[in-house]
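Please keep the sequence and the coordinates at hand while reading.

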Amino acid sequence: MFLATVVGEVVATIKHPHLRAQRLLLVQPEPTPGRPQAASVIAVDTVDAGIGDRVLVADEGNTAAQVLRMPRGPVRTVIVGVVDETDTTRPS
Amino acid sequence: MHFARVIGTVVATEKVRSWRGSRILLLAPCDSTGTVTGARPLAAIDLVSAAPGQLVFYVRGREAAVALENPENPADAAIVGLVDHVREAPGAMR
């Protein structure tokens, strides 16, 4: 899983039947210092996230199938939580 | 899932049996605005009747194979949607 920010919503009328009635959001992975910014990806929303929310994103096919309660299909990236806060303790 | 622009078609009469009847299109990965990123173009199975020039989204890896009717096939990229539009938050980085 990774942390990301919801930066957009993707509207697609024609899509794979597995994606029917699913909300597709554009998420931008949080930057890692010293590394180039990872590209935004399209994720299926399962938690009613909104634009601007900081979210937890799972990126694995079996996870997606389980969360969506569907057989395995063409979904790997799903939003599984809205982050309230994180606390990082850096080793000194 | 990732954005791409359809840049061509691939014709292959002789191909693995499980791909028979499938269209193969050539994709250039791009961002949400359709600007091609410069990543290597890829060939993907078309599942949504996409056409050259269109902005689409695709899946990679095992998820591409299971997108086909018979999941026992060697696809590693499949087009699964046509983008109508993307509503983006103002000031969002790409």
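Predicted model: local features only at pLDDT ≥ 70, side-chain atom pairs only at ≥ 80, totals over all residues.

In β5(B), I79(B) is the bridge partner of Y58(B). Residues are numbered from 1 along each chain as its sequence is written, while chains are lettered from A and ligands numbered from 1 in the order in which they are written. The score pLDDT is the predictor's confidence in each residue, from 0 to 100. Chain B has an average pLDDT of 93, and 96% of the residues score at least 70. For the complex, the predictor reports an ipTM of 0.88 and a pTM of 0.91.

The strand names call for a definition: helices (H or I, at least four residues) and strands (E, at least two) are DSSP runs, numbered from the N terminus. Two strands pair if DSSP finds at least two bridges between them. The strands β4(B) and β5(B) are antiparallel and joined by five bridges. On β4(B) there is also an antiparallel pairing with strand β1 (residues 2-10) of chain B, over four bridges; here R5(B) stands opposite L55(B). Of the six residues of β4(B), five are buried, a term that requires 20 or more other C-beta atoms within 10 Å of a residue's own, whereas 12 or fewer make it exposed and values in between partly exposed, with C-beta atoms placed from the backbone.

These pairings belong to a closed barrel of five strands in chain B, which runs β1-β2-β3-β5-β4 with mixed pairing. Neighbouring strands of this sheet are turned against each other by 55° on average, direction ignored; the axes behind this angle are lines fitted to C-alpha atoms, for helices over the stretch in contact, and angles run from 0 to 180 degrees between N-to-C directions.

Why does A75(B) count as buried? A75(B) is buried because 25 other C-beta atoms lie within 10 Å. Apart from neighbours within four places in sequence, A75(B) is in contact with I45(B), A64(B), A65(B) and L68(B), where contact means that the C-beta atoms of two residues, placed from the backbone, lie within 7 Å.

Of the 92 residues in chain A, 37% are buried.

The two chains meet in a contact that takes 27 residues from chain B and 27 residues from chain A. On the chain B side, β4 (55-60), α1 (62-65), β5 (77-82) and β6 (85-88) each supply at least two residues. The residues of that side comprise 16 nonpolar, four polar and seven charged; Ala, Val, Leu, Ile, Met, Phe, Trp, Tyr, Cys and Pro count as nonpolar, Asp, Glu, Lys and Arg as charged, and the others, Gly among them, as polar. Strand pairing also crosses between the chains: strand β1 (residues 2-11) of chain A runs antiparallel to β6(B), with four bridges joining them. Within this pairing, V10(A) stands opposite V86(B).
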